[in-house]
Amino acid sequence: MDTLMLSASEDDIIAAAELLKKSEVVAIPTETVYGLAANAYDEAAVRKIFAAKGRPCDNPLIVHISDLDMIKDIASTVPKLAIKCAERFWPGPLTMIMPKSDRIPLVTSGGLDTVGIRFPSDKCAHSIIEKCGFPLAAPSANLSGSPSPTNAKRVFEDMNGRIAAIVDGGESEVGVESTVIAFENEGIRILRPGKISYEDLKAVTDNVFIDHGVLERVAEGEKVRSPGMKYKHYAPKAEVVLLDGTAEEFRDYVTKNSADGCFCLVFSDKEAVDGVPYLTYGESADEQAHWLFERLRQFDGMGAKKVFAHCPSQDGVGLAVYNRILRSAGFNVIELGKNK
Ligand code: TXA
Ligand code: MG
């Protein structure tokens, strides 16, 4: 299949919506990462998403809306706390898990009786959903296991020939996927951290928990609250090693341990080590979130065999950056300065 490249112009948005109405899969920009969209109510269309990504069929898709009114057709009940969160954070990078309605096919929900709903703030995503008139199921637009794409070029690399079209809406602003939350015992459980942080959610209720699967590897066969926790994620071709320590400790370790094909992922030029090529991903958590996936993909293009990554802080959106990079590294973290 030829994959059509579309712009974010009015005409192209109409063209994208026409393809979606014909049960095709179209990659669309959002403020977090690009999504691989199809009609959430249409089983045949949703199956095409799973095929294009090579995604396990028990991993549910997030359903995207452009209007609060659409929820009543998607969720069977809406928790009170969800309404509070919607008022505060929607449109925006927050996905809320709720009991699903009968209209959402089990293919979309990965066989679960719940559904993740998100109201993106991206204008182009909003217009496309609005023109369709139905909600769009959309996982991140990467091949299963790869870093999520934050621009149309990266989507093309993974999806050319696999989907009907890609809408180019420029760079995704946030750079990491939405915060995923579930409601339990009058509280909020964070299943995947994102731009809407633990601290942000605390402003809605005191009762906010971070699921252990966010920072720990889930055990083989363990019953997880979010199927995505079971799968390998965000892995570039290179082996990634997370180094947790000061800039000085980082430079020391890399100087002693680097070999041919080794690269560094650092906050700024200050951590560079002579003779070891590197990319920076910024000093603030927001910059790190914005650049992380693009940098991981750049390392692939550079033929990196091993990447020493300077471990980010876990505050605010930093928890999301840490959660993603931890998985890229297959949970391989070296705590520097510990044995001194
Ligand atoms: O920012 C985002 O969320 C992007 C953009 C395109 O909206 N989408 C995205 O989708 O990241 P995906 O499929 O790559 O990640 C969704 C995650 C998966 O880990 C999945 O297991 C979890 O959310 N999830 C979805 N529905 C769920 C449900 N009903 N219960 C538990 N976890 C769910
Ligand atoms: Mg994904």
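Of the shell of residues around ligand 1, the largest share, four residues, comes from β6. Strands here are DSSP runs marked E of at least two residues, helices are runs of H or I of at least four residues, and both are numbered from the N terminus. The model is predicted, so that local features need pLDDT of at least 70 and side-chain atom pairs count only at pLDDT 80 or more, while totals for chains, interfaces and linings use all residues. Residues are numbered from 1 along each chain as its sequence is written, chains are lettered from A and ligands numbered from 1 in the order in which they are written, and side-chain values use heavy atoms, with hydrogens and water left out.

The shell around ligand 1 holds 26 residues, and the closest are T32, N59, H64, S178 and G228. A residue is counted as near the ligand if one of its heavy atoms lies within 4 Å of it. Both β4 (62–64) and β6 (114–118) supply at least two residues of this shell. Sorted by class, the shell has 11 nonpolar, 10 polar and five charged residues. Here Ala, Val, Leu, Ile, Met, Phe, Trp, Tyr, Cys and Pro count as nonpolar, Asp, Glu, Lys and Arg as charged, and the others, Gly among them, as polar.

Some side chains make polar contacts with the ligand, meaning pairs of N or O atoms within 3.5 Å. For S178, a side-chain N or O atom lies 2.5 Å from an oxygen atom of ligand 1. In the case of H64, the distance from a side-chain N or O atom to an oxygen atom of the ligand is 2.6 Å. T114 has a side-chain N or O atom 3.0 Å from a nitrogen atom of ligand 1. On its own, ligand 1 has 680 Å² of accessible area, and the protein covers 96% of that. Accessible areas come from the Shrake-Rupley method with a 1.4 Å probe.

The backbone has some features to look at in the loops. The peptide bond from W90 to P91 is cis, with omega near -5 degrees. P91 sits in the loop between α4 (80–89) and β5 (94–99).

E186 is not a glycine, yet has a positive phi of about 60 degrees. The loop between β9 (179–184) and β10 (187–192) contains E186. With a relative accessible area of 73%, E186 is exposed; exposed means over 50%, buried under 20%, and partly exposed in between.

F331, also not a glycine, has a positive phi of about 65 degrees. F331 lies in the loop between α10 (318–328) and β16 (333–335), and at 24% relative accessibility F331 is partly exposed.

Notes. Buried < 20%, exposed > 50% of the residue type's maximum accessible area, 1.4 Å probe, protein only. Polar contact = N/O pair within 3.5 Å; in protein donor to acceptor, adjacent residues only side chain to side chain.
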